[in-house]
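Good morning, and thank you for making time for this item on the agenda. I would like to take you through one structure, element by element. Please keep the display in view as I speak.

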Amino acid sequence: MSSEFIIQAREVSHTYAGGITALQGVTLGIRRNEFLAFVGANGSGKTTLVKHFNGLLKPTRGSLFVNGIDTRKTTVSTLSRTVGFCFQNPDHQIFCYSVWDETLFGLWQQRIPQAEAEERAAQALQKVGLYELRTRHPRELSRGQRQRLATASLLAMETQVLVLDEPTTGQDFNSRRQIMGLAAELHEKGRTIVMVTHDMSLVAEYATRVVAMKGGRVLLDATPRELFQQEDILTATGLKLPPALALARGLKSAGLNATPLTLNELYDAIVAALPEPAKLTDSISYVENRVKPCPR
Amino acid sequence: MPAIEIEYHKAETPIHRLHPITKIIFELVIFVIAATFNEPLYLFIMILVVVGIIALAQIPIQKFRYLKFVGFIVVFLIITQGVWFTSFGDFGGTNSPFQWHTLFYLYPAWLPGGPRVPFVLEGAIYGLALGMRLLVISLAFPILVITTHPSDLVTALSEIRIGAWRIPYNLIFVFTSALRFVPTVSREFDHTIDAQRSRGVEFEGYNIVNQVRSAMPLFVPVLTSSLVHAQDLTIALETRAFGAVENRTFIHEVKWGKADWAVSILLILIAIACILAVRNYGLGLLPYTPQRGF
């Protein structure tokens with residue numbers, strides 16, 4: 001067992017008790033300190049696959065190792081010390097009478113000393129901007145705040161691997177930035193982040209590696225830049241380009257040849273492509289005549 | 001974790017075509033017959049018949065995953081009846097003095113003061129019979145819900161009338177939406193179990209202290225989200241003017257055909273025959289149980 005991979009799936013297939021096969025022979029290795037995004041249409045097997053990472057589901061065929069441990073031979077509560085899992089719907093986990101207790105709950109489960117637990121909980125709540133609301137009842141919070149609370153209670157556990165299932169659904173721009181900023185910060189500190197998402201701008205901005213799935217199989221395993229250059233994969237999985245890239249594609253006919261992932265990169269690409277000021281007026285009229293409405 | 005999936009399952013079978021009331025009669029007849037017999041052999045035949053009907057209705061086997069829990073209850077009944085059955089003393093109506101068969105002692109002979117707490121064969125058989133009654137009923141109950149479209153059930157129930165009286169529509173709605181909520185709540189349970197296990201809560205194992213401790217993280221989210229669901233439902237109902245008209249009509253009607261007459265009459269005749277067989281001839285009764293000659 002090489003220690004290079006923190007999570008290693010070998011020919012993992014999963015068939016649900018209802019008879020639906022959601023995964024078909026997925027082989028995948030996740031290295032330490034990767035920021036991996038799973039993308040694909042609904043029902044492509046993304047969530048089923050990540051649920052294997054902390055043992056909630058066990059492979060019906062093949063095997064899956066987390067930190068060298070076969071998930072079939074251990075329990076979810078043991079794996080929860082290595083892999084933190086943040087669910088789409090926060091209401092399935094929130095049950096305490098205050099935000100503060102809720103954040104501490106996971107730490108109590110792991111028998112972390114009270115003083116350390118409180119410090120970690122305070123930090124996590126500050127990071128998601130809920131520290132001031134810590135005495136409130138979780139039901140008094142808005143849906144977006146509850147989602148951040150669920151994320152905070154997971155972050156406080158400081159696991160090596162963090163699985164985020166649709167972390168930014170229903171979040172406004174600021175909360176989205178808070179949550180993703182947090183994930184990026186943990187990634188910098190050496191944690192492995194696994195994210196399931198439909199939001200291509202998140203993939204473009206944060207992920208170091210992206211796995212596109214379709215029909216329970218891995219369609220593409222590459223960097224975000226490589227993914228966005230393969231139009232056929234994008235159409236096959238029903239994915240949308242991130243805004244910066246869509247804009248760049250629109251400008252292609254005007255002579256912009258770049259694959260920018262973020263708006264900053266797009267800006268640089270445009271500046272680099274701009275002709276000398278003398279030719280600028282010519283260019284503008286040229287662009288005006290040539291640019292057609294951007295598809296999508 | 002298996003979900004309780006008692007939901008309408010579409011198929012084209014004779015069972016699906018029957019009127020919902022016929023299926024309700026079927027369920028009632030099953031309840032009555034299961035209550036009259038207490039001999040395992042007769043109940044076993046009943047189970048075979050019900051399984052045959054399930055096969056005829058093409059209900060997928062996965063819908064019956066909850067039977068695992070029924071299995072636990074059956075084992076529990078056999079053990080408890082085996083131990084406690086005889087301790088109720090005299091069973092009037094058994095003519096000949098009856099010989100109990102002790103299989104083994106829970107408190108064995110080699111311990112001081114033993115043997116104590118006999119495990120009696122007849123009690124275990126009676127326990128098995130009780131368990132099989134439960135099994136028959138729990139096998140038969142989902143047939144109505146799985147083979148009947150929910151709106152057909154509502155229509156059929158609202159057509160029941162005695163003179164000018166009808167079942168109030170509110171009541172029917174409560175009944176059908178309660179049935180509808182069973183799989184939903186079951187799914188909520190599954191999701192909550194997943195979410196809490198991911199945070200390190202142990203639901204596995206037989207440690208009683210752990211089980212009690214893990215009840216809070218499990219039941220609070222399920223209960224609150226059920227209440228939220230219910231509230232959402234009331235809002236959705238009110239926006240659609242629920243209860244605005246006194247006499248509700250239905251766009252789709254269910255017909256009571258010849259097959260329904262035939263099946264219903266046959267079922268009722270079978271029920272009467274079974275009751276008479278038990279009452280007059282003592283068929284399908286264990287000889288040492290108090291029901292004899294009721």
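This is a predicted model: local features need pLDDT of at least 70, side-chain atom pairs count only at pLDDT 80 or more; totals for chains, interfaces and linings use all residues.

Let me begin with a pair of strands in chain A. Strand β9, residues 209-214, and strand β10, residues 217-222, of chain A run antiparallel to one another and share 5 bridges. Within this pair, V210(A) faces A222(A) of β10(A). The two strands make a hairpin, with 2 residues between β9(A) and β10(A). In that turn, G215(A) adopts a positive phi of about 55 degrees.

For the complex, the predictor reports an ipTM of 0.79 and a pTM of 0.75.

Where does the hairpin belong? β9(A) and β10(A) are part of an open sheet of 6 strands in chain A, in the order β6-β7-β8-β3-β9-β10, and its pairing is mixed. The edges are held by β6 (83-86) and β10 of chain A; each has a single partner strand, so one side of each has no neighbour in the sheet. On average, and ignoring direction, neighbouring strands of this sheet are turned by 15 degrees against each other.

While β9(A) and β10(A) pair in the antiparallel sense, strand β7 (residues 161-165) and strand β8 (residues 192-196) of chain A pair in the parallel sense, over 5 bridges. There, V161(A) has T192(A) in β8(A) as its bridge partner.

Strand β1 (residues 5-15) of chain A is joined to β2(A) in the antiparallel sense by 7 bridges, and A9(A) has L28(A) in β2(A) as its bridge partner.

I turn now to a helix pair. Helix α4 (residues 114-128) and helix α5 (residues 143-155) of chain A pack at an angle of about 145 degrees, and their axes are 9 Å apart. The crossing of α4(A) and α5(A) is right-handed. Which residues of α4(A) meet α5(A)? They are A124(A), L125(A), K127(A) and V128(A), and they meet R148(A), T151(A), A152(A) and L155(A) of α5(A). By class, the residues of the contact of α4(A) with α5(A) are 5 nonpolar, 1 polar and 2 charged.

At the level of domains, chain A is assigned domain 1 (5-82 + 159-237), domain 2 (94-158) and domain 3 (243-290). The C-alpha centres of domain 1 and domain 3 of chain A are 34 Å apart. Their contact draws on 7 residues from domain 1 of chain A and 6 residues from domain 3 of chain A. On the domain 1 side, α7 (200-206) and α8 (224-229) of chain A each supply at least two residues, and α8(A) gives the most, with 4 residues. That side of domain 1 of chain A consists of 3 nonpolar, 2 polar and 2 charged residues.

Chain B comes next. Chain B has 10 helices and 4 strands, and its C-alpha atoms fill a box of roughly 75 × 60 × 35 Å along the principal axes. Chain B is divided into domain 1 (1-148 + 257-294) and domain 2 (153-254), with 28 Å between their C-alpha centres. The contact takes 11 residues from domain 1 of chain B and 10 residues from domain 2 of chain B. The side of domain 1 of chain B that touches domain 2 of chain B comprises 7 nonpolar, 2 polar and 2 charged residues.

On confidence, the mean pLDDT of chain B is 84, and 91% of its residues score at least 70.

Finally, how do the chains meet? In the contact, 21 residues of chain B touch 22 residues of chain A. On the chain B side, α7 (169-198) and α9 (215-239) of chain B each supply at least two residues; the largest share, 7 residues, comes from α7(B). By class, that side of chain B has 7 nonpolar, 8 polar and 6 charged residues.

How values were computed:
Residues are numbered from 1 along each chain as its sequence is written. Chains are lettered from A and ligands numbered from 1 in the order in which they are written. Two strands pair if DSSP finds at least two bridges between them. Domain bounds come from an automatic or database domain assignment. Two residues are in contact if their C-beta atoms, placed from the backbone, lie within 7 Å. Ala, Val, Leu, Ile, Met, Phe, Trp, Tyr, Cys and Pro count as nonpolar, Asp, Glu, Lys and Arg as charged, and the others, Gly among them, as polar. Axes are lines fitted to C-alpha atoms, for helices over the stretch in contact, and angles run from 0 to 180 degrees between N-to-C directions. A crossing is left-handed if the near helix is turned anticlockwise from the far one by less than a right angle, and right-handed if clockwise. pLDDT is the predictor's confidence in each residue, from 0 to 100.
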